[in-house]
Amino acid sequence: MLNHSDSPAFLNTNAIILASEGKHKEAISCFFQGLRLDPENPTLWYNLALSYRAIGELSKAKEALINSIEFDSSDPDALDSMGVILHEIGEDLSAEFCFKKAVGINPDNGRIWNNLGVLYFDRKNYKEAARSFETAVSLLEEDDAGDTLINLRDTYNELGETEKENKCDMLIRKLGIS
């Protein structure tokens, strides 16, 4: 019989605490202990991927996310994280697929819309980037919209939409964002 300290949930919580303290290698070990007990746990796989990404192990993060998504293909956070990692390693078509699937599941998540916008911006598809950033800004709380407003301002600059760029600049200054 397992005691409480051997449960996957307890190990996941401990690993999250370790990761929050920057102890990602220890967290990874803890996540694996949990996965030995529950190898089909999408949350453990997802959190393992976040620690791998934090230490720059993108291929291992990708593999962990593949497992997370295999066990729960409806998790928009896992799909969003997969999109970020795929974009970071240059697999942009797959990244776009993941972001679009994630916003299809949770269209009210401004973070996912922002990440999709970053992908479009990096690919110089500024019209789609602007649409994504506009959607993100409309969904995010004012305190969380700073980076997205900067992204939107830069996109308007690329599009030559000076009036909209200036409005973003004004909002950015008003919010005290640098």
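This is a predicted model: local features need pLDDT of at least 70, side-chain atom pairs count only at pLDDT 80 or more; totals for chains, interfaces and linings use all residues.
Local features need pLDDT of at least 70 and side-chain atom pairs count only at pLDDT 80 or more, while totals for chains, interfaces and linings use all residues. Residues are numbered from 1 along each chain as its sequence is written, and side-chain values use heavy atoms, with hydrogens and water left out.

**The H6–H7 pair**

Helices here are DSSP runs (H or I, at least four residues), numbered from the N terminus. Helix H6 spans residues 92-105 and helix H7 residues 110-122. Their axes come within 10 Å and cross at roughly 155 degrees. Axes are lines fitted to C-alpha atoms over the stretch in contact, and angles run from 0 to 180 degrees between N-to-C directions. H6 is therefore roughly antiparallel to H7 (the term applies to angles over 145 degrees). The crossing is left-handed, meaning that the near helix is turned anticlockwise from the far one by less than a right angle.

H6 contributes Asp 92, Ala 95, Glu 96, Phe 99, Lys 100, Ala 102 and Val 103 to the contact (heavy atoms within 4.5 Å). H7 contributes Ile 112, Trp 113, Asn 115, Leu 116, Leu 119 and Tyr 120. Nine of the contact residues are nonpolar, one is polar and three are charged. Ala, Val, Leu, Ile, Met, Phe, Trp, Tyr, Cys and Pro count as nonpolar, Asp, Glu, Lys and Arg as charged, and the others, Gly among them, as polar.

**Salt bridges**

A salt bridge is a side-chain nitrogen of Lys or Arg within 4 Å of a carboxyl oxygen of Asp or Glu. The count comes to 12. Three of them are tabulated.

| Pair | N to O distance |
|---|---|
| Arg 111 – Asp 77 | 2.6 Å |
| Arg 131 – Glu 128 | 2.3 Å |
| Arg 153 – Asp 169 | 3.2 Å |

Arg 111 lies in H7 and Asp 77 in helix H5 (residues 76-88), so this bridge ties together parts 34 residues apart in sequence. Both ends are partly exposed: Arg 111 at 38% relative accessibility, Asp 77 at 29%. Partly exposed falls between buried (under 20% relative accessible area) and exposed (over 50%), with a 1.4 Å probe and protein chains only. Asp 77, Asp 80 and Arg 111 are linked in a salt-bridge network.

Arg 131 and Glu 128 both sit in helix H8 (residues 126-139), three residues apart, about one turn of the helix. Arg 131 is partly exposed at 45%. Glu 128 is partly exposed at 28%.

Arg 153 and Asp 169 also form a bridge. This pair links distant parts of the chain, 16 residues apart: Arg 153 in helix H9 (residues 146-159) and Asp 169 in helix H10 (residues 162-174). Asp 169 is partly exposed, with a relative accessible area of 22%.

Technical notes: Helices (H or I, at least four residues) and strands (E, at least two) are DSSP runs, numbered from the N terminus. Angles under 35 degrees count as roughly parallel, over 145 as roughly antiparallel, 65 to 115 as roughly perpendicular and the rest as oblique.
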